Amino acid sequence: MRTQANLSIILRLEMDKNKVSFGQLATAISEAEGDIVAIDVIHQSRESTVRDVTVNLPDKNSERIVNAVQQLDGIELINVSDRTFLMHIGGKIETKPKMPIKNREDLSHVYTPGVARVCMAIHEDENKAYSLTMKRNTVAVVSDGTAVLGLGDVGPRAAMPVMEGKAVLFKQFAKIDAVPICLDTTDTEEIIRTVKAIAPAFGGINLEDISSPRCFEIEQRLKEELDIPVFHDDQHGTAVVLLAGLLNALKIVGKAIETAKIVVTGIGAAGVACTKMLLSAGAKNVICVDRAGALVASEQYDNPMWQWCAAHTNAAQVTGSLSEVIEGADVFIGISGPGVLKVEDVKKMADDAIVFALANPAPEILPDEAEPYVRVMATGRSDYPNQINNVLCFPGIFRGALDCRATTINEEMKLAAAQAIASIVGDDELGEHYITPSVFNKKVAGRIREAVIRAAIDTDVARRIPREFR
């Protein structure tokens with residue numbers, strides 16, 4: 001789950017050395033609640049100095065910092081830059097050739113006439129596209145911008161910075177080339193047609209930020225109609241990392257997933273995927289709760305995924321609101337909205353309760369409120385321990401799927417990925433505030449890759465067996 005960063009700004013200032021000192025500047029910024037984290041000298045003379053001062057803010061209000069600086073005699077404010085915006089100027093990714101084209105002979109090999117031989121080789125055997133084109137290591141990150149986390153329906157253009165960021169993460173954590181593709185349509189059939197039309201160039205499709213319930217049909221149809229992996233990260237990435245954290249949390253409290261009472265609230269795209277993942281992992285007592293209260297098989301719901309959840313969970317046919325059904329629960333999983341879970345609800349849970357409040361940026365209950373009454377607390381935020389973050393999952397899953405040329409990413413592969421993530425936190429490290437590894441832990445992608453490939457081979461969806469698995 002993505003999180004919002006605090007604002008960081010860069011002030012370019014010309015300071016008259018005879019009128020103002022840097023100490024005065026630092027004091028003014030501090031009193032305006034700014035935190036100076038970097039100073040770069042741009043130009044220096046006897047009389048003045050030009051500096052870039054990087055300031056972190058606790059919120060998005062940079063005006064008070066600017067006003068405080070401008071009130072100092074002897075300082076000219078040349079420019080104010082937002083560090084986040086600077087990182088996005090011109091986009092965050094680029095294309096580079098893998099070899100230089102230095103002369104006419106090089107050109108004849110990479111383009112005409114030499115390229116014709118390669119084209120015909122692929123024409124005669126389409127599988128050679130994996131070895132002779134970018135397909136073997138490239139994923140399309142596809143969105144229509146209708147469900148951007150924390151922002152909602154902002155459209156395809158405004159969604160591009162998120163998709164570019166996803167591409168950066170693919171490259172950094174798994175050495176996968178990813179291409180952001182934002183579609184100017186919300187029509188389900190048109191999206192399916194478009195993705196199918198561009199699929200020959202890619203080894204996998206990562207769907208991102210497509211609103212529910214359309215995302216279910218789009219993913220399912222593409223999985224059925226394409227022979228490359230299709231993965232909606234908002235659903236399955238959240239589910240995989242959630243399960244990894246939950247397996248370790250249950251280990252801490254000495255409970256089994258098979259006997260734990262688990263209440264899931266917020267039955268949208270991620271909530272349904274999390275429910276399916278829990279069932280795949282062996283959970284037997286899962287109750288799904290949404291606006292209608294606890295979902296039960298005896299009711300009819302307009303949302304087909306609510307109907308599916310009602311039919312496959314809540315065997316005891318428990319009815320009522322979240323506050324009613326949470327009594328005696330071992331685990332709460334929230335993928336809904338802020339303030340949904342109350343302190344009074346948490347107090348009703350079983351001893352050594354586990355609370356995963358994953359709504360972003362404001363969780364279902366704040367950790368400070370819940371922690372006195374729970375044993376393990378997790379959120380989707382980076383400023384609290386135990387962040388459930390999708391970036392732990394999708395690079396390694398696609399690395400494994402690409403390396404064995406999997407035709408799909410199935411439940412067994414996702415379950416293997418969750419177990420691999422959980423295994424990285426050793427028994428000597430495991431604790432209430434450390435149930436998932438850091439996103440910067442270099443073991444993560446490799447461990448997931450290995451587990452995913454083994455699961456793909458075991459379930460006969462791998463078209464290639466890497467040398468180390470033979």
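The legends below describe close-up views of a predicted model.

**View 1. The open four-stranded sheet.** Four strands form an open sheet in the order β6-β5-β7-β8, and their pairing is parallel. The edges are taken by β6 (177-182) and β8 (230-232); each has a single partner strand, so one side of each is left without a neighbour in the sheet. On average, neighbouring strands of this sheet are turned by 20° against each other, direction ignored.

**View 2. Pairing of β5 with β6, and the helix packed on the sheet.** Six bridges join β6 and strand β5 (residues 138-143), which pair in the parallel sense. Within this pairing, Val141 stands opposite Pro180 in β6. Helix α7 (residues 155-174) packs on the sheet, where it touches β5, β6 and β7 (204-207). The direction of α7 makes about 170° with that of β6.

View 3. Ser143 belongs to strand β5. Its relative accessible area is 1%, under the 20% limit, so Ser143 counts as buried. Leaving aside residues up to four places away in sequence, Ser143 touches Ala159, Met163, Ile181, Cys182, Leu183, Glu208, Asp209 and Ile210.

**View 4. A nonpolar patch on the surface.** The patch is formed by Met99, Ile101, Leu107, Val110 and Tyr111, which together have about 480 Å² of accessible area. One of these residues, Val110, lies in helix α4 (residues 104-110). Val110 has a relative accessible area of 40% and is therefore classed as partly exposed.

Terms used. Residues are numbered from 1 along each chain as its sequence is written. This is a predicted model: local features need pLDDT of at least 70, side-chain atom pairs count only at pLDDT 80 or more; totals for chains, interfaces and linings use all residues. Side-chain values use heavy atoms; hydrogens and water are left out. Two strands pair if DSSP finds at least two bridges between them. Helices (H or I, at least four residues) and strands (E, at least two) are DSSP runs, numbered from the N terminus. Axes are lines fitted to C-alpha atoms, for helices over the stretch in contact, and angles run from 0 to 180 degrees between N-to-C directions. Contact means heavy atoms within 4.5 Å. Patches are made of residues with over 30% relative accessible area and no salt bridge: like charges are joined within 9 Å, nonpolar side chains (Val, Leu, Ile, Met, Phe, Trp, Tyr) within 5 Å. Accessible areas come from the Shrake-Rupley method with a 1.4 Å probe; for residues, only the protein chains shown count as cover. A salt bridge is a side-chain nitrogen of Lys or Arg within 4 Å of a carboxyl oxygen of Asp or Glu. Buried means under 20% relative accessible area, exposed over 50%, partly exposed in between (1.4 Å probe, protein chains only).
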